[in-house]
Amino acid sequence: MSVTRAEKPKKTGPHPVDYAKAAINADLTTKQKLGFLADMLRIRRFEQASLKLYQQGKMGGFLHLYIGQESVAVGTIALMGEHDHVITAYRDHGHALGVGMSMNECMAELFGKATGCSKGKGGSMHFFAPDKNFWGGHGIVAGQTPLGLGIAYALKYQGLKGCCLTFLGDGAVNQGVYHESLNLASLWDIPVIYIIENNQYSMGTSQARSSAIKGCLAERAEGYNIDWDTVNGEDLYEVRAKTWEAMQRAHEKCRPTLLEIDTYRYYGHSVADANAKKYRSPEEIEFYKQNHDPITLWEKRLREEGILDDAGLKTIDDAAKKEAATAVQFAEDSPFPELEDIYSDIYYEVDLGTEAGQTGRHFFND
Amino acid sequence: MPVITYRQALNDALAEELERDEKVIVMGEEVAEYNGAYKITEGLWKRFGDKRVVDTPISEAGFIGLGVGAAMMGLRPVMELMFWSFAYVAYDQIINNAGCVRYMSGGLINCPLVIRGPSNGGTNVGATHSHTPENFLANTPGLKVVCPATPADAKGLMKAAIRDNDPVCFMENTLLYGEQGEVPEGDYVIPIGVADLKREGTDVSLIAHGRAVLTALAAAHRLHEEFNISAEVVDLRSIRPLDEETILASVRKTHRAVLVDENKPFCGVSAQIASLIQERAFDDLDAPVQRVCSLDAPAIYSPPLEALQLPTADRIIQKVLAIS
Ligand SMILES: Cc1ncc(C[n+]2csc(CCOP(=O)(O)OP(=O)(O)O)c2C)c(N)n1
Ligand SMILES: [Mg+2]
């Protein structure tokens, strides 16, 4: 089976599947469904606030916005159990909030403040929360793909029933290390799930100009004897249903899966992407916003199910906006790291003052 | 002489070499249709077309290796790394293949390859994007390494790098791309391996490469204004081959050396220079050689902190005063 982007709208195809009826979705409570809406809106409001402050010069470096892709992080991560883990690339705000990181620590990190999740050391691309099974936030394209493999390897080694959701972009699939990881995952039966967030572009390069494929990116899994599927990312029910299938394969059979989730980013590659509207038309962006926005579509779905009205939506959205505004204030009020903080968090042994940390010279300033 | 930016100087050099020699090709991520992530290749695709200016997927190991192979066949590929930090993905190709093929073949095969891109901290992009690997690369006999600080040097050295028959690692700096300077017109080529006195002085030699040269010049200006100290600024321009004689001549004149280096201190470029000075100019020194490097930690994101992590004019001045 292969589905190319051009044929994409499966819901209007000859045999539309209603993923709301899938087992993993059938028993969802109203509260859970509204929770997904809240989670997606929280990501969007957080990022909209961060964009504004980036433009005011409150942050440095890059800011890669996830806006448009929220259903992917929320749909997949909400399925995680105690021994399920997640790792992603630099477009990491959605995954971070998805696993339950607070807006405060994330916003403070963007500001480079000591109260940030990485104490102001990592920045936008490098959020981490191992206590929430979130292993980052990685700046080098595809650099996280073998790490996800290793995390899953460690789960299996310890006899834990879990998996590692390992996210990458449609441009990252052409890095050698990803292919090496796929081979190892299949060869050694590793419970890793590779999730390609196919937003059609890697910076200014369309998928067609970067990847040689027959049908779709996920189909490359055939060559490694890995199960794969494509997913319509704007449908939260479908994202959940197909990810859950992969997670069960990982949990029960210790086998990897490769999922390709179709999605779309509204903003430039990063906020600094000056060509954001040159390699694709403004009409294309507008078309996706109007017809494929995952939040709008979920909202519509919940209205159809009779569990959301205008007032309910407003309550949820207001809360997300307020949380984002509070996070901005928190970040503003927080201190920057001190100069000597540059030298902590480099060596465990030095930080903890162990014997090893006190043996030999570790730093070379005078 | 026309005043142009460092970016424009590189762009001119690439365009002139593409025009001059059909064997020259430009390749990398976003270099063609997008005009370059940092606009160094702006207009080249439009002017020279698909065959000469080529967009690649995000496959550094693959396309840098391709560049090595094509260079072995006699093409003159100029490969862009969006950041030199991404060279780490392609290290095997750069070190084992580009760096060793001539030696391993007993001189039967050449590798006239240029790998270029920015290599710097100071832009708050975090540790993974802020590496300055000129010291690692210069540690590989077989590779050449150049780090131009000014628009004129960028142009002259780029043209020399493309014409060179050995692999040249050409290290730019995103913070220099917008800097302006006079650049001679015409076929301006600067030989690789020749340092440049960016400022003459008598009391102390500030020895630097890349953007650290500008920091050293700012410090030299203030040393003169505020402390009446005459600092000479030596710009290495090329790390390997290294112009040892210009360094030694300066130290023999001033008797004091402060080395300014955006590398980390451990085995950084300045460590090599310090070793050279103590071996060959020991008796000329009136004080121990001093170094001002990046603070020895991964690049911190936090913007006000990262500004202090790189060498600053203040830190240079303190070092100079300490030995004056
Ligand atoms: C090894 C490496 N090469 C290049 C880059 C620069 N870069 C960062 S993101 C990116 C595009 C990646 O696109 P994709 O994988 O589709 O992810 P998306 O940005 O769409 O989420 C590039 C070229 C990098 N960070 N690392
Ligand atoms: Mg993409």
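Predicted model: local features only at pLDDT ≥ 70, side-chain atom pairs only at ≥ 80, totals over all residues.
Me: Why is W188(A) called partly exposed?
Reply: The relative accessibility of W188(A) is 46%. Buried would require under 20% and exposed over 50%; the value for W188(A) therefore counts as partly exposed.

Me: Where is W188(A) found in chain A?
Reply: W188(A) belongs to the loop between α7 (176–187) and β3 (192–198) of chain A.

Me: What makes the nonpolar surface patch of about 540 Å²?
Reply: The patch is made by Y153(A), Y157(A), L187(A) and W188(A). Membership requires over 30% relative accessible area, and W188(A) has 46%.

Me: Why is the pair D153(B) and R237(B) called a salt bridge?
Reply: The closest N and O atoms of D153(B) and R237(B) are 2.9 Å apart. The rule asks for a distance within 4 Å, so the pair qualifies as a salt bridge.

Me: How is chain B divided into domains?
Reply: Chain B comprises domain 1 (3–182) and domain 2 (196–323). Taken over C-alpha atoms, the centres of these domains of chain B are separated by 26 Å.

Me: What makes up the contact between domain 1 of chain B and domain 2 of chain B?
Reply: Domain 1 of chain B supplies 28 residues and domain 2 of chain B supplies 24 residues. About 2,000 Å² is buried between the two domains of chain B, 55% of it on carbon and sulfur atoms. On the side of domain 1 of chain B, N124(B), N135(B) and C147(B) lose the most area to domain 2 of chain B, together 24% of what that side buries. The rule also finds two salt bridges across this interface of chain B.

Note on methods
Residues numbered from 1 in each chain as written. Chains lettered and ligands numbered in written order. Heavy atoms only, no water. Patch = residues over 30% accessible without salt bridge, like charges linked within 9 Å, V, L, I, M, F, W, Y side chains within 5 Å. Areas by Shrake-Rupley, 256 points an atom, 1.4 Å probe, with all protein chains shown as cover. Salt bridge = Lys/Arg side-chain N within 4 Å of Asp/Glu carboxyl O. Helix = DSSP H or I, 4+ residues; strand = E, 2+ residues; numbered from the N terminus. Buried < 20%, exposed > 50% of the residue type's maximum accessible area, 1.4 Å probe, protein only. Domains from an automatic or database assignment. Contact = heavy atoms within 4.5 Å. Buried area = accessible area lost by both parts, 1.4 Å probe.
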